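Student: Before we discuss this model, could we look at the sequence and the structure together, and then go through the terms one by one?

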Amino acid sequence: MSTISREEVAHLARLARLEVTDEELDAFAGQLDAVLESMKALGEVDTEGVQPSSHAVPLVNVFREDRPQPSLPREAVLDGGPDTAEGRFRVPRILDEEV
Amino acid sequence: MSDRIIDKAAAELAADIREGRLTSVEVTTAFLDRIDAVDGTVGAFLHVDREGALAAAREADAAVAAGESVSPLAGVPIAVKDVVVTKGLPTTAASKILEGWIPPYDATIVERVKAARMPILGKTNLDEFAMGSSTEFSAYGRTANPWDTGRIPGGSGGGSAAAVAAKMAPLAIGTDTGGSIRQPSAVTGTFGAKPTYGSNSRYGVIAFSSSLDTPGPVSRNALDAALLHEVISGHDPRDSTAVDAPVPPVAEAARLGATGDLSGVTLGVVTELTAGSDAAEPGVVEAYRAGIDQLVKLGAQIREVSCPSFVHALAAYYLIAPAEASSNLARYDGVRYGLRAGDDGERGLEEVMSLTREVGFGPEVKRRILLGTYALSAGYIDRFYGQAQKVRTLVKRDFEAAFEQVDALVSPTTPFTAFKFGEHSEDLYRMYLADLYTVPANLYGGPGVSVPVGLAEGLPVGFQVMGPVMGDDIAYRVAAALESTQEPLLADTAPEIEGK
């Protein structure tokens, strides 16, 4: 039995905003299944009472002084975008006009 | 000794420049000419900046001539992995999604390289967003291993390693999330170091897996890497995960190691990274064991230590890294940088975003985003991501317990020498196994270096030394000691790639 189905991969692709093709879905489902299969032993490790580590080096409450710093020039930042107008990034419509 | 500039190590070139025997312009020109001659065959560079490099070289020469106090690497040119942002120079992360993007700022480590008056030769190829072990996942073509152009140069930093191995650069910057500096160094016969996590700023290093990403040096030998390590390391207030502690004295440690005396040093052989490891090729095991014998001759004590969690480190890594990547790569939305696809005036934002990501990302990046999304999704997060994070704690505990008994841990760097193009493309897990020995240090956060330890069937083998957190110096010392027992691979039996 497979760990992950083609339908699940399609759902993940929607969550991750990837417009995958049917061929990709077929390929990815098989490949991800094989990778997850090879990781099965991880689930059998006894981690009862073990705290998770989200980071390599434990650092807490890293503060810096709250002083204004010069930021990048607006033009320099906008130059990297695919579409800009009036000093802003221009985006496709966000709201569905039919609603 | 050869008189060719490109045959010299970085420390030697720096001394020649400081003492007036060579100029930075001469040195930089020699490497740029070498790139022109051989990079058509190797394909290490995505972008070469002849003009910018020569301008920086002229400034370095002027500083030396003016008697300014200059850094130990002033005037020595360097290549930078294309996942590190460089102001005014294209930075793609080897992805179509960033094609044409020109960063408006420099990474902190690039600022430091420039402040040290090191000319930047160009940007090197990698697996897209540093995800891979062969550089075959670059969106901009393959990089060949200078030792055999039918083989991979390792990954993800195959371009940086190949550039140093083919003598197109005396030094390079890489990034190591699960082995992306060390494994390419191992398979190209170069020296590579993953410093302690947080000791090198990630500001301006395009994020793959933020709790693991660590920039570091690639070089021809331990001392050169250590000198570059000291140039780029140190606290950075712009990276909240940067460790505010003194940089370990790695150059001093490399010089000490080169004297070949390891008396009083205890090294741990990790049972789980060697015994019964059918993943490792016989030639790799043989070269590694010969390395151990050399270290014993230099006075090191060897002790076997057990780190049971290391067996599960690879699986934990391949859940944690994709999980963080799926979050980090959400920023490529077709709005703020690079590519936008399918914006026909009719489609809405989400559709354009999905089409942009579909066109912009390559297959391995998509797989990892999907895997990471899976590991983080409702119903699976505890079973996968949570469990992986707990195993990460066990890995850290095993390292900490080991370092109560020994000064450093040793292992092969990677289970196999450079494989042929396409050999593992169909079997992803086999490809992921390339990181088997390198991921534990990333999960733990401590330093790991890879030093050449001879050849197996004509291909370089790497020997890994891992130290405790902020104990980079002991890793350099041991690696430099081993290096002192080896024939320099790139000096005498260097691969002679010649231009077409």
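Tutor: Let us begin with contact: two residues are in contact if their C-beta atoms, placed from the backbone, lie within 7 Å. By that criterion the contact between the chains takes 47 residues from chain A and 59 residues from chain B. This is a predicted model, in which local features need pLDDT of at least 70 and side-chain atom pairs count only at pLDDT 80 or more, while totals for chains, interfaces and linings use all residues. Residues are numbered from 1 along each chain as its sequence is written, and chains are lettered from A and ligands numbered from 1 in the order in which they are written.

Student: Which helix supplies the largest share of the side of chain A that touches chain B?

Tutor: Helix H2 of chain A does, with six residues, and H1, H2 (22-38) and H3 (74-78) of chain A each supply at least two. Helices here are DSSP runs of H or I with at least four residues, strands are runs of E with at least two, and both are numbered from the N terminus.

Student: Why is H1(A) called roughly perpendicular to H12(B)?

Tutor: The axes of helix H1 (residues 6-15) of chain A and helix H12 (residues 363-376) of chain B come within 9 Å and cross at roughly 95°. Angles under 35 degrees count as roughly parallel, over 145 as roughly antiparallel, 65 to 115 as roughly perpendicular and the rest as oblique, so H1(A) is roughly perpendicular to H12(B). Among the residues that make this contact are A:Leu12 of H1(A) and B:Tyr374 of H12(B).

Student: What makes E1 and E8 of chain B edge strands?

Tutor: Two strands pair if DSSP finds at least two bridges between them. The open sheet of 11 strands in chain B has the order E1-E3-E2-E4-E6-E5-E10-E11-E9-E7-E8, with mixed pairing, and strands E1 (45-48) and E8 (301-305) each pair on one side only. Three bridges join E1(B) to strand E3 (residues 120-124) of chain B, and the two run antiparallel; B:His47 stands opposite B:Lys123 in E3(B).

Student: Why is chain B called as compact as a globular protein of its length?

Tutor: The radius of gyration is taken over C-alpha atoms, and the globule rule is 2.2 Å times the number of residues to the power 0.38. Chain B has a radius of gyration of 21 Å, close to the 23 Å that the rule gives for 500 residues, so chain B is as compact as a globular protein of that length. Along its principal axes, the C-alpha trace of chain B spans about 65 × 55 × 45 Å.

Conventions:
Axes fitted to C-alpha atoms, helices over the stretch in contact; angles between N-to-C directions.
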